[in-house]
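Try each task before you read its solution.

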Amino acid sequence: MKSGLWRFALMVTLLCPTSQVWAGDHVFDAGFDHRAEGPYSDAEAARFLTQATFGPSRAEIARLRSIGYNAWLADQASLPASHHRPYLEAQAAAGLEVYQNSRQEAWWLHAVTAPDQLRQRVAFALSELLVVSDQSGAIEGYPIAMANYYDLLVDGAFGNYRNLLENVTLSPVMGHYLSMFKNRKPDLDANIRPDENYAREIMQLFSVGLVRLNANGTVQTSGGQPIPTYDQDTIRGFAHVFTGWNWANCPRDQGGQWWEWEYCPSGPVDWPDPGWDAWWLVPMEAWESYHASEEDKQLLVYPGVALPNGMLTGGGTAASDLQAALDNIFNHPNVAPFIARHLIKRLVTSNPSPAYIGRVAAVFANNGLGVRGDLGATVRAVLMDSEARTLPSLASNAGKMREPLLKLTHLWRALDGRADDGRYREWYTDYYLSQAALRSPTVFNFFLPDYRPPGEMAALGLDGPEFQITTDTSIASVANGLGAKVFYDWRGNGGQQPEDIVVDLGPEVAVASDPVKLVDRYDLLFMNRTMSDFMFNTLVTYLQSLPNTNTGRRQRVQNAVWLIQSSPEYSIER
Amino acid sequence: MKRRDFIQRALCATASSALFTSFAGKLSLAHASAVSGHRLLGSDYRALVCVYLYGGNDGFNMMVPTSSAQYAQYQASRGALALPLAELLSLNPSVAPTGGGSFGMNPAMPLLRNLFNQAQSPLAITANVGPLLYPISKAEYQAGTVPVPAQLFSHSDQTLTWQQPNADAIDRRGWGGRLADMFYQTNVNQQLSMNVSIDGENVFQAGDQVIPYFVGQDGAQSVDFVQTWNPERRAVFLALRDAAYGNALQRQYASVMRRSMDNEVMINEALDGETALGTVFPDTQLGRQLRMVARLINVRSPLQMQRQIFFVGLGGFDTHDNQLSDQAEQLAELDGALAAFYAATVEMGVDDGVTTFTASEFGRTTSVNGDGTDHGWGSHHLVMGGSVNGRRIYGTPPDLSAGGPDDADWGQIIPTTSVDQYAATIARWYGVPPGDLGTVFPNIGRFATSDLGFMAPA
């Protein structure tokens with residue numbers, strides 16, 4: 001292995017200074033106010049864009065460097081939201097059959113090309129929190145409705161979490177997925193009780209979690225045991241709250257008869273018109289006669305809780321009970337560290353320090369203007385925290401495994417992957433990437449936030465959520481899938497069809513006569529210049545052994561990209 | 001110092017993958033003497049197959065009381081979800097279950113019903129099993145005077161509680177992993193993990209020394225672009241894979257890749273040389289998974305495996321809605337896949353050495369929420385194999401009446417048998433000496449017996 005000095009010598013042949021140990025770039029910038037907040041190098045810009053988008057491109061690195069983080073974030077916040085539902089509706093209007101694969105096309109199109117990258121990336125992170133999945137038979141037939149649900153997340157990405165929680169709760173998609181739709185008040189004679197499904201998961205997975213947290217996300221214990229956030233009585237209380245919700249605009253005589261509740265005559269129908277039904281796109285509506293009004297409902301208890309002892313007294317309407325219950329959840333102290341932890345783990349690192357979680361949670365709790373739940377401010381705090389913006393040492397074990405889906409968005413954004421007909425027919429990637437948007441096996445997402453692989457990481461107490469889907473089988477399938485995208489699916493390869501998504505190797509091949517330059521280009525684009533000297537030199541030596549011909553240069557590019565994307569150093573982003 | 005503590009400290013002091021490997025090697029040597037008592041000679045074969053039913057299978061609609069008084073209780077509790085008496089497939093146990101009464105099987109399960117009823121039956125049912133810390137009565141539960149597992153009724157937590165012995169809720173070792181730690185050195189083949197999952201990641205199989213290996217329904221997946229036809233690229237890939245990395249996540253990724261590639265060659269070579277089984281498996285999720293288990297058992301000799309623990313899984317049991325039709329589909333899949341798997345073990349002549357059992361995070365409430373049920377607690381479970389004392393219902397079938405003595409409050413039925421007892425009975429057959437049960441199941445001493453009787457003597 002050659003020394004870092006050797007590598008440094010190679011670098012001076014390049015136009016831009018690159019090595020992270022060389023701070024000339026940084027020094028040069030000192031004193032320029034407009035970029036006082038950075039980024040101070042291409043590497044820093046690439047690293048930020050890895051966390052804030054679906055992958056850096058050379059153009060975006062240059063743009064971020066020229067305007068700085070603050071202007072970039074302000075620009076992203078001001079961009080109109082790119083919605084997914086219109087893509088499906090346009091296909092339907094054009095007479096195409098619309099299934100879940102159309103929704104996935106929309107997702108790929110936006111992930112790879114939408115200008116509002118930060119919003120789209122945060123929406124994806126939220127889709128791994130407020131989970132619905134087309135693997136559920138209750139919603140798989142309704143792709144437009146699910147795209148509309150995704151758009152709730154897109155719209156909510158910089159909004160207030162309280163509003164998002166309400167929009168999600170009243171979405172017929174969530175209503176069907178976690179069976180709050182048509183959940184009804186108890187009938188003790190028939191031994192019928194309210195469905196507990198949504199009551200349980202909104203607390204466990206969407207807001208407060210199972211155990212009490214300190215403001216920095218650490219677990220509160222009593223006698224060495226974690227303190228539960230709620231108990232079965234609380235779940236029953238919320239189960240009663242979430243009763244009485246059905247399709248919007250159902251005709252109702254005399255406040256709603258049972259057959260109307262059940263079948264919604266001349267109103268919304270599930271069949272034979274799946275997916276196009278407008279009722280799926282508007283919030284559910286309350287039917288008072290099916291709401292458990294009279295019972296007192298035990299809600300969450302916590303310091304400062306507004307309801308005395310967390311008890312919601314009987315007599316409320318479906319809507320007033322729902323508002324009170326969502327307020328009760330939203331104001332629980334756990335929500336701030338819970339959401340902070342989720343966003344940090346999705347965007348930055350698997351093992352944040354408690355201090356980092358605490359700083360982000362504090363912004364969630366109060367955005368500086370006295371507003372709680374401001375996701376835009378929270379996302380900004382996640383990204384601009386010193387722990388996010390400082391390249392961690394290797395020994396700190398900071399960083400995260402790249403989600404397989406994000407490896408492919410990264411490839412296509414870096415090498416302009418697209419089909420001539422403009423569509424992204426990248427359907428059902430869970431088959432080989434173990435992930436596809438809104439397609440997790442269960443409401444517990446593709447992986448649990450605190451998953452620890454057995455062995456060294458478990459012994460060291462390190463979380464690695466993405467390792468839960470990194471099995472002996474999937475690690476090979478992901479490598480194979482990414483390989484196919486770069487070895488076979490490139491523009492100009494024989495037999496290419498207008499619908500084939502292909503990468504553009506042209507600009508890459510132009511650089512490939514100099515393997516040092518090529519690897520350096522990818523060190524920035526794919527690894528924000530964290531590539532070890534060992535890996536750098538190993539790749540350069542190998543690429544130099546390939547002939548400097550048209551075909552050889554293309555193979556240099558393909559091998560470099562694939563060997564990087566399947567390597568341990570790339571797979572763990574830092 | 002406890003062994004686990006030592007490992008923890010050793011690992012914490014470890015900086016590189018190379019060091020990690022050498023430590024693990026030394027630990028294996030040190031550990032060998034401790035487990036040598038379990039080392040088996042000869043050609044015997046024993047395997048466990050955990051069939052995990054994700055979502056919480058409604059055991060109370062899988063096996064239903066048919067005697068009039070008990071059926072009436074069931075019908076009153078279940079209302080519209082009660083299966084009609086005439087449709088239930090009658091079970092003819094050779095010994096009356098505790099509390100007497102007769103029982104029938106869900107009509108979606110004719111094959112398993114027949115296995116249960118046959119002479120020399122390989123199928124037993126264990127009634128009302130669930131996670132417990134101590135035996136507990138309704139009064140004790142409601143008064144809160146006896147501790148119960150944390151986060152009852154939560155999917156993720158009760159999945160953990162089922163798969164790892166209760167006392168260690170903090171760590172992530174399952175009882176299948178603990179068994180494997182005791183027995184893995186029995187196998188001549190020390191490269192392939194003793195624990196193989198066909199359904200991905202799970203806690204059940206995670207041990208200290210033994211880390212489960214994951215294989216697909218059709219065999220092991222190779223990394224296509226590093227085959228021997230491109231030795232130069234392969235060499236670079238391996239160099240990057242095998243370098244010493246300073247970050248534990250990088251080391252983890254590299255180690256999964258290494259294990260994946262090493263085992264793929266070994267497994268696919270063995271499967272390529274397999275004499276195909278005559279048993280036909282249903283082309284279902286579970287059927288395909290159990291077919292792969294059968295195939296791996298079929299090549300146990302070339303793979304040089306004598307002790308194995310397999311994990312398969314089927315989702316979709318969280319029947320909050322549409323329970324009658326949804327659960328019937330799931331149970332039919334279970335029925336077809338388990339029956340085929342048993343037939344395959346008979347075909348291979350290893351039925352006495354293979355024990356298959358169901359697990360599921362909880363049963364479901366006897367109360368209903370319209371057309372579904374909610375998360376319960378205890379449930380009935382199936383144990384199948386040539387060493388099972390079949391045609392019997394073990395444990396104590398519960399009172400299913402609303403507000404009855406077994407109803408925790410809202411239709412969650414308090415388990416009368418703990419998961420530890422169920423698991424310990426299987427572990428004893430697998431070869432754990434009674435005196436060592438406590439190291440696998442730290443709470444087992446709190447319960448009346450560690451042997452429910454459904455397994456033949458080890």
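**Exercise 1.** Which residue in E4(B) is the bridge partner of B:Pro65? Then place the pair in its sheet.

Before we start: this is a predicted model, so local features need pLDDT of at least 70 and side-chain atom pairs count only at pLDDT 80 or more, while totals for chains, interfaces and linings use all residues. Residues are numbered from 1 along each chain as its sequence is written, and chains are lettered from A and ligands numbered from 1 in the order in which they are written.

*Solution.* 
- Step 1: the partner of B:Pro65 is B:Phe103.
- Step 2: E2(B) and strand E4 (residues 103-105) of chain B run antiparallel and are joined by three bridges. Strands are DSSP runs of E with at least two residues, helices are runs of H or I with at least four, and both are numbered from the N terminus; two strands pair if DSSP finds at least two bridges between them.
- Step 3: the order E2-E4-E3 (chain B) makes an open sheet of three strands with antiparallel pairing. Strand E2 (63-65) and strand E3 (89-90) of chain B each have a single partner strand, so one side of each is left without a neighbour in the sheet.

**Exercise 2.** Describe the side of chain B that touches chain A.

*Solution.* 
- Step 1: count the residues. The contact takes 63 residues from chain B and 63 residues from chain A, with contact meaning C-beta atoms, placed from the backbone, within 7 Å.
- Step 2: find the main contributor. H9(B) gives the most to chain B's side, with twelve residues.
- Step 3: sort by class. Chain B's side has 29 nonpolar, 23 polar and eleven charged residues. Here Ala, Val, Leu, Ile, Met, Phe, Trp, Tyr, Cys and Pro count as nonpolar, Asp, Glu, Lys and Arg as charged, and the others, Gly among them, as polar.

Note on methods
Contact = placed C-beta atoms within 7 Å.
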